[in-house]
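Visitor: I have a structure open and would like to go through it piece by piece. Can you take my questions as they come?

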Amino acid sequence: MERDVIRKVPLVKPGEPGMIVEEAPTEELAGYPSVGRRIPRRDTIFQVLGQLKYINDLSFPGMLYAKVLRSRYAHARILRVDVSKALEVPGVVAAITADDIPVNSFGPSLQDQPVLAKDKVRHMGDGIAAVAAVSEQIAEEALEKIVVEYEPLPVVLDPLEAMREDAPRIHEPRSNIYWEWHIRKGDVEKALAEAHLVVQERYRTQMVEHVSMETHSSIAMWDAGGRLTVWCTVGRITLARTDLARILQVPVSRVRVVSTQLGGNFGGKNEITIEPVLAILAKKTGRPVKGTYSRKEEFIASTTRHPFIMEYTSGVTAEGRIIARKVRLIADGGAYCSWSETTLGKATILSAGPYDIPNIALDGYVVYTNKPMTGAMRGFGAPQVCFAYESHMDTIAHRLGMDPLQIRLLNAYDEGSISATGQILHSVALKKTLLAAAERFGWEVKER
Amino acid sequence: MKKRGRGIACMWYPIGFTVSANPSAAVVKVNEDGTATVLTGTVEIGQGSLTVLAQIAAEELGISPRDVIMVSADTDGTPVDTGAIASRTTYVTGNAIRLAAKEAKKILFEVAAPMLGVRTDQLETRQGRIWVIDFPQKNISIGEVAYYSQVKLGRPVQGSASWNPPTVPLDPQTGQGKPFNTYVYATQIAEVEVDTETGQVDVLRIVAAHDCGTPINPMLVEGQIQGGISMGVGFALSEEMVFSSNGTLLTSSLSNYLIPTTVDMPEIEVIIVDNYDPTGPFGAKGVGEPTLVPTAAAILNAIYDAVGVRLYSLPATPEKVLKALREKEAQNNTASSTH
């Protein structure tokens with residue numbers, strides 16, 4: 001049996017900055033074959049010794065600190081923004097608004113998100129202006145001197161309300177429903193009519209945040225040759241580079257994006273947030289500019305998990321075979337699209353569950369609300385629909401007097417099963433996992 | 001009174017993007033001392049991806065994983081990678097690195113074959129050396145071959161490759177198509193204890209059986225599953241962003257937005273089921289996201305088993321559980337009084 005091993009020993013050399021890590025002579029632990037071995041993470045030793053450098057550990061001479069003014073309202077028109085008083089605060093070097101941004105929009109699917117809001121705010125996490133100062137505290141204080149005149153608009157927080165024709169339009173003139181997914185297989189209505197039992201339920205999930213230990217943090221710096229380097233906590237550096245080039249209107253080759261190791265991502269760091277603001281402030285001041293999110297900003301000004309409303313209707317035979325499933329998903333899509341299109345797509349595709357069901361009708365909708373952006377988060381809609389389809393399975397089992405394990409085994413995908421989208425599945429280990437978990441748990445089959 | 005229950009939930013989850021291109025590219029250089037350097041555009045996010053990717057490169061080259069240097073996360077210095085998203089790193093980036101390592105190995109074999117007096121298809125790599133198949137008395141170190149190739153022949157040993165999962169776009173009307181190249185499967189079973197006086201739910205135990213194809217590093221797979229379950233426990237029981245009617249977030253700090261701590265965590269038993277996906281590197285698929293997918297459903301099904309109330313919304317806070325218990329009690333009383 002292989003055991004976890006620590007293969008590196010740290011040697012502290014007095015008088016040297018930091019520590020030198022040297023490999024211990026451990027030939028027997030050389031690691032052949034490599035695949036399948038329980039090798040400790042290569043960064044563990046550096047984490048334990050505090051040597052691992054995260055973005056917020058980096059700094060450069062002359063570096064400034066940026067802070068962003070967030071909206072006072074969840075939905076309002078912006079009538080006027082005045083940063084002149086903030087610029088008078090000693091230690092403040094620059095302040096910017098939407099007018100300083102060459103192309104004020106971005107987003108991985110729809111470019112519906114402004115870097116800084118111009119005419120309108122759509123949730124309280126929207127940034128309106130930003131300042132760069134010699135310290136974070138001064139930047140924070142200067143935000144209070146920025147004058148913003150708002151005209152409040154009706155706030156829509158409930159996705160069902162936002163779907164109504166007469167609901168206030170968050171991205172006027174467009175409808176609040178901003179993406180749809182539909183999957184059809186067989187004849188679901190006919191199968192429901194023929195079913196021994198039809199079960200209908202509605203499930204809901206809440207908005208949650210990734211809560212990475214490390215909050216978003218970035219540094220932007222221009223060199224004399226007109227190239228921008230951004231050190232950032234972004235897990236998708238390629239996308240960050242093209243987004244930055246588009247916003248700043250510079251060729252992609254003029255932007256370099258570097259990341260170190262992230263202190264957690266879980267989907268929350270897959271797109272740019274404060275980076276364009278830092279780049280513009282850095283250009284304006286000729287100095288490196290750092291911006292680090294507070295915990296509150298993590299919640300309101302980065303992405304979150306979509307709350308879902310999920311309606312399930314299933315038709316089953318007396319023996320417990322599911323012959324029809326109809327699903328209607330409504331995702332609370334927050335103020336901007338971010339990764340909603342993908343989240344809704346995965347959720348819709350997966351929503352019937354890992355079950356061999358011949359007749360399927362799956363519909364997914366995502367809707368704007370005046371809440372923080374909902375985007376990528378570990379599972380992309382799957383934890384929501386799994387909560388619904390697996391609760392629903394237990395209800396069906398209960399109604400039929402079947403054991404929850406048995407009904408799953410009866411309907412589960414197998415090697416060669418055909419998915420809801422018509423794909424032939426390979427390397428399907430679902431029944432293996434059901435049986436392995438049941439055996440280890442000591443699951444006793446109970447039928448009524 | 002405290003009541004116990006058990007709940008089961010299973011799931012499927014895809015690896016990679018939904019239809020959209022999500023390529024990874026990689027460069028593998030074999031150094032003059034027989035070590036290797038891998039260039040990848042992916043970003044380590046704390047899950048151990050660079051360790052796993054080094055293991056994949058090492059396996060293909062036949063060297064020790066500790067002899068693989070990983071260079072990552074720089075748009076100037078590393079090849080394109082779609083990033084640590086969609087549980088795709090082991091599968092997609094892993095495939096790219098394996099292919100790049102194969103390219104480098106091809107050069108090693110072309111250079112080593114005449115040195116050993118055999119054909120290239122008679123060679124294999126293992127333990128840092130190139131061996132003649134079935135005649136291991138003839139062998140040579142990878143470092144020696146790499147040095148000779150670079151310094152004498154002027155042919156540095158390196159390979160580059162990219163990989164993108166094959167998909168079929170979905171029909172806009174019916175949604176029929178092949179959105180992903182592969183999927184993973186999992187089952188989690190939870191045991192809970194519900195306090196009927198307070199509504200408090202304690203998760204006592206979770207058995208998690210996951211398919212990830214070949215586990216390149218079983219310890220890191222277990223770590224992912226344990227971490228995912230902690231996220232799932234929070235999703236099931238306590239985490240919620242609550243807004244006032246004007247859209248103000250009322251839970252914007254970790255004192256009122258409650259993530260599970262060590263004391264909230266159940267005993268976790270992880271099972272990695274035996275599976276092999278021929279489309280993944282050495283049979284591997286992925287594990288990152290699926291780890292939390294069935295957790296909340298298993299816990300809520302266990303609550304139902306324990307106290308007979310079905311909660312239709314998350315999270316199952318003590319207030320919500322207690323309210324459901326009271327409603328059930330009231331219903332029972334009405335039912336019995338009408339008899």
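Visitor: How do helix 10 of chain A and helix 11 of chain A lie to each other?

Guide: Helix 10 of chain A and helix 11 of chain A are roughly perpendicular to each other, a label used for angles of 65 to 115 degrees, while angles under 35 count as roughly parallel, over 145 as roughly antiparallel and the rest as oblique. This is a predicted model, where local features need pLDDT of at least 70 and side-chain atom pairs count only at pLDDT 80 or more, while totals for chains, interfaces and linings use all residues. Residues are numbered from 1 along each chain as its sequence is written, and chains are lettered from A and ligands numbered from 1 in the order in which they are written.

Visitor: What angle do helix 10 and helix 11 of chain A pack at?

Guide: About 110°, with the axes of helix 10 (residues 382–400) and helix 11 (residues 404–411) of chain A 9 Å apart. Axes are lines fitted to C-alpha atoms, for helices over the stretch in contact, and angles run from 0 to 180 degrees between N-to-C directions. Helices (H or I, at least four residues) and strands (E, at least two) are DSSP runs, numbered from the N terminus.

Visitor: Which residues meet there, in helix 10 and helix 11 of chain A?

Guide: A:M393, A:D394, A:I396 and A:A397 of helix 10 of chain A meet A:P404, A:I407 and A:R408 of helix 11 of chain A. Two residues are in contact if their C-beta atoms, placed from the backbone, lie within 7 Å.

Visitor: Now sheets. What is the strand order in the open sheet of five strands in chain A?

Guide: The order is 9-17-16-15-10, and the pairing is mixed. Two strands pair if DSSP finds at least two bridges between them.

Visitor: Which strands stand at the edges?

Guide: Strand 9 (177–185) and strand 10 (197–204) of chain A do; each has a single partner strand, so one side of each has no neighbour in the sheet. On average, neighbouring strands of this sheet are turned by 5° against each other, direction ignored.

Visitor: In which sense do strand 15 and strand 16 of chain A pair?

Guide: Strand 15 (residues 308–316) and strand 16 (residues 322–332) of chain A pair in the antiparallel sense, over nine bridges. A:M310 stands opposite A:L329, which is in strand 16 of chain A.

Visitor: Which strands does helix 9 of chain A touch?

Guide: Helix 9 (residues 340–350) of chain A packs on the sheet and touches strand 9, strand 16 and strand 17 (359–367) of chain A. The direction of helix 9 makes about 25° with that of strand 9 of chain A.

Visitor: Over to chain B. How many helices and strands does chain B have?

Guide: Chain B has six helices and 11 strands, and chain A has 12 helices and 17 strands.

Visitor: What radius of gyration does chain B have?

Guide: Chain B has 26 Å, whereas a compact globule of 339 residues would have a value near 20 Å. The radius is taken over C-alpha atoms, and the globule rule is 2.2 Å times the number of residues to the power 0.38. The C-alpha trace of chain B spans about 95 × 45 × 45 Å along its principal axes.

Visitor: Which residues of helix 3 of chain B are buried?

Guide: In helix 3 (residues 142–152) of chain B, B:I142, B:V145, B:A146 and B:S149 are buried. A residue is buried if 20 or more other C-beta atoms lie within 10 Å of its own, exposed if 12 or fewer, and partly exposed in between, with C-beta atoms placed from the backbone.

Visitor: Why do the buried residues line one face of helix 3 of chain B?

Guide: Seen down the axis of helix 3 of chain B, the buried residues fall within an arc of 100°, so they line one face; the arc is that of the directions from the helix axis to the C-beta atoms. The face turned away from the buried side carries the exposed residues B:V151 and B:K152.

Visitor: What covers the buried residues of helix 3 of chain B?

Guide: Among the elements that do are helix 2 (89–116) and strand 2 (24–30) of chain B. Helix 2 and helix 3 of chain B pack at about 95°, with their axes 10 Å apart. That makes helix 2 of chain B roughly perpendicular to helix 3 of chain B.

Visitor: Last topic, the loops. Where does B:A73 lie?

Guide: B:A73 is in the loop between strand 4 (68–72) and helix 2 of chain B. B:A73 is not a glycine, yet has a positive phi of about 65°. B:A73 counts as buried, with 27 C-beta neighbours inside 10 Å.

Visitor: Which peptide bond in chain B is cis?

Guide: The bond from B:L314 to B:P315 is cis, with omega near -5°. B:P315 lies in the loop between helix 5 (295–307) and helix 6 (318–337) of chain B.
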